[in-house]
Amino acid sequence: MKETNCYILGIESSCDDTAAAIINNGNVLSNVVATQKIHEEYGGVVPELASRAHQQNIVPVVHQALRKANIDKNQLSAIAYTRGPGLMGSLLVGASFSKSLAIGLGVPLIDVNHMQAHILAHFIKAGEQTPPNFPFLAMTISGGHTQIVKVTDYFSMEILGETIDDAVGEAFDKSAKILGLPYPGGPLIDRYAQNGNPKAYKFTKPKVNPMDFSFSGLKTAVLYFIEREVKNNPNFISENIQDICASLQYTIVDYLMDKLKNAVKHTGIKEIVIGGGVSANSGIRTAINEAKVKYQWKTHIPKFEYCTDNAAMIAMVGELKYKNNLFATDEAIANPRMKL
Ligand code: KG4
Ligand code: ZN
């Protein structure tokens, strides 16, 4: 890896957040995110509206990132953008913008895998936090993905297990929708869960391979449970929202932890990181901290702003790739199904 002082602009537009960030030797100089509110009223991300909002947001967001970092665009060493996975229309906005900007400035273009970025976000310098040592296990838990990955080097990753249907964020969001909560419901379930009884209701955990996940059955179980209870008491949800959310969150977190423990057993690796939007969840954060003590794991939990979608993680991967001379070719096209 070459030692050089570089300023990397990262651009993220894979789903419904338009984000830009500038990083300098692992230090985040700015990290701007424009969250698209328009999807709330539809109860989920509407791809067509997302790409349109990215078009609107991308120039102001990049300007703001440069202004906050207090650097001029001519100081940039390279442009890193999310190539995939994600929504095609959303990715195209970031990809096209980044290509044009790189050509305009005469700097290299770097393509970044969004899921790799959620993992490598742990190498962003963040106060006292130390980065993980290789090899480590990463559990990426977001609205689009649920995976356990064995990471042996920055760019050497092996998927050990993943969801066979919905992602864990979808399980949170879809259950929240059944409870009449707005999108995205994950953070709201988390908030209600704080004051509820996690053992009030029991939801069965789906059975799949030891390191794989399945969440579609849980969503159906929640739906049937709510329909049944509401038939007896129309106010069931409002009267019990805290207990319902606590029980649901407990089930999901326990399931995630079961899978992680299986992966530790399988690999013998006890250095653990989590990443992706659901790693902002207070239940999983507590469970990871408890496992650290109970099983002598070495654990790494990202700062909140680097959990959900952000461009600092894209810029971080950009910097690592820049220092390893890994650049995008001119043909690098957006790839909605990009693999790790
Ligand atoms: O990584 P992310 O921002 O976007 C994707 O790449 O999908 O993850 C978004 C997901 C959503 O499903 C959202 O409900 C969930 O992360 N999420 C949470 C929490 N904060 C965000 N789920 C549970 N508890 C939270 N505190
Ligand atoms: Zn994400």
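Start at Pro184, in the loop between H4 and helix H5 (186-193); helices (H or I, at least four residues) and strands (E, at least two) are DSSP runs, numbered from the N terminus. The peptide bond that joins Tyr183 and Pro184 is cis, with omega about -10 degrees. This is a predicted model, in which local features need pLDDT of at least 70, side-chain atom pairs count only at pLDDT 80 or more, and totals for chains, interfaces and linings use all residues. Residues are numbered from 1 along each chain as its sequence is written, chains are lettered from A and ligands numbered from 1 in the order in which they are written, and side-chain values use heavy atoms, with hydrogens and water left out.

Next, select Phe134 and Pro135. The peptide bond between them is also cis, with omega near -10 degrees. Pro135 sits in the loop between H3 and strand E6 (136-141).

Now select the zinc ion (ligand 2). His114 (NE2), His118 (NE2) and Asp309 (OD) coordinate the ion at 2.0 to 2.2 Å. Donors are N, O and S atoms within 2.8 Å of the metal (3.2 Å for Na, K and Ca); water is not among the atoms, so sites may look incomplete. Along the chain, the donors follow the spacing H-x3-H-x190-D. His114 in helix H3 (residues 114-120) and Asp309 in the loop between strand E10 (298-300) and helix H9 (312-323) are 195 residues apart, a pair that links distant parts of the chain. His114 has a relative accessible area of 6% and is buried; Asp309, at 16%, is buried as well. Buried means under 20% relative accessible area, exposed over 50%, partly exposed in between (1.4 Å probe, protein chains only).

Move on to Leu320 in helix H9. Leu320 is buried, at 5% relative accessible area. Leaving aside neighbours within four places in sequence, Leu320 is in contact with Met1, Leu120, Tyr154 and Phe155, where contact means heavy atoms within 4.5 Å.

Asn70 lies in the loop between helix H1 (47-69) and strand E4 (78-84). Its phi is near 60 degrees, a positive value in a residue other than glycine, and Asn70 is exposed, with a relative accessible area of 69%. Asn325 is in the segment after H9. Asn325 is not a glycine either, yet has a positive phi of about 55 degrees; with a relative accessible area of 47%, Asn325 is partly exposed.
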